[in-house]
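Dear colleague,

I am handing over the structure we spoke about, with the sequence alongside. Please look through it first, and then read the notes below.

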Amino acid sequence: MERKQFLKKQEYVSDTGLVLVETLIERKVTEQHAEKLLRRTTLSTLICLGLGVIFILLQGAALNFLTLIASGFLYLYIGLFLICLLFMKNAKKKLDKAEKEFEELRSEVIDRQEQLWDTAELWGKRYELFKFLNEEYSVNLFHK
């Protein structure tokens with residue numbers, strides 16, 4: 001809400017542009033959340049993989065095929081590892097979708113600059129808005 005009041009108060013963009021810029025910011029935030037989710041799931045998968053390596057190292061010389069099959073930990077570990085992989089795959093899909101939606105809208109805003117900043121006054125303030133968006137939200141509208 002604060003963002004909308006700042007943009008309207010400063011009159012940096014038309015009403016249509018305001019909606020597009022807000023949507024662009026929301027999609028960037030969604031993309032950042034998806035990135036964090038992917039990092040977390042990747043880390044949990046690596047930790048799970050590390051647990052398996054530690055288990056094998058702790059077994060040492062006593063490790064053979066029959067004891068490995070009889071171990072209940074092995075089945076729990078395989079299940080946990082598969083779940084981690086599924087979560088990681090799902091997080092990657094979410095990130096890809098969020099990146100695609102953000103990039104499509106960003107390209108649309110860049111292509112429609114003449115319509116969104118239709119007056120000479122707004123066109124002159126466009127750089128300030130672009131700079132603000134780049135610094136605050138990492139939304140780069142200077143070029144495709």
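Contacts, overall form and a surface patch

Among the contacts in the protein between residues at least 6 apart in sequence, 71% join residues at least 24 apart. Please keep in mind throughout that this is a predicted model.

As for the secondary structure, the protein has 6 helices and 0 strands, and along the sequence this reads as the pattern α-α-α-α-α-α. The radius of gyration is 24 Å, whereas the globule rule gives 15 Å for 144 residues, so the protein is more spread out than a compact globule. In the C-alpha trace, the spans along the principal axes are about 80 × 25 × 20 Å.

Turning to burial and surface, 29% of the 144 residues are buried, and the protein exposes about 9700 Å², of which carbon and sulfur atoms supply 61%.

On that surface there is a nonpolar patch of about 560 Å², made by Leu43, Ile47, Leu51, Phe73, Leu76 and Leu80. Helix H2, which runs over 15-59, and helix H4, which runs over 72-111, each supply at least two residues of this patch.

Is Leu80 buried, exposed or partly exposed? Leu80 counts as partly exposed, because its relative accessibility is 40%, and that class covers values between the under 20% of buried residues and the over 50% of exposed ones.

Methods. Residues are numbered from 1 along each chain as its sequence is written. This is a predicted model: local features need pLDDT of at least 70, side-chain atom pairs count only at pLDDT 80 or more; totals for chains, interfaces and linings use all residues. Side-chain values use heavy atoms; hydrogens and water are left out. Patches are made of residues with over 30% relative accessible area and no salt bridge: like charges are joined within 9 Å, nonpolar side chains (Val, Leu, Ile, Met, Phe, Trp, Tyr) within 5 Å. Accessible areas come from the Shrake-Rupley method with a 1.4 Å probe; for residues, only the protein chains shown count as cover. A salt bridge is a side-chain nitrogen of Lys or Arg within 4 Å of a carboxyl oxygen of Asp or Glu. Helices (H or I, at least four residues) and strands (E, at least two) are DSSP runs, numbered from the N terminus. Buried means under 20% relative accessible area, exposed over 50%, partly exposed in between (1.4 Å probe, protein chains only). The radius of gyration is taken over C-alpha atoms; the globule rule is 2.2 Å times the number of residues to the power 0.38. Contact means heavy atoms within 4.5 Å.
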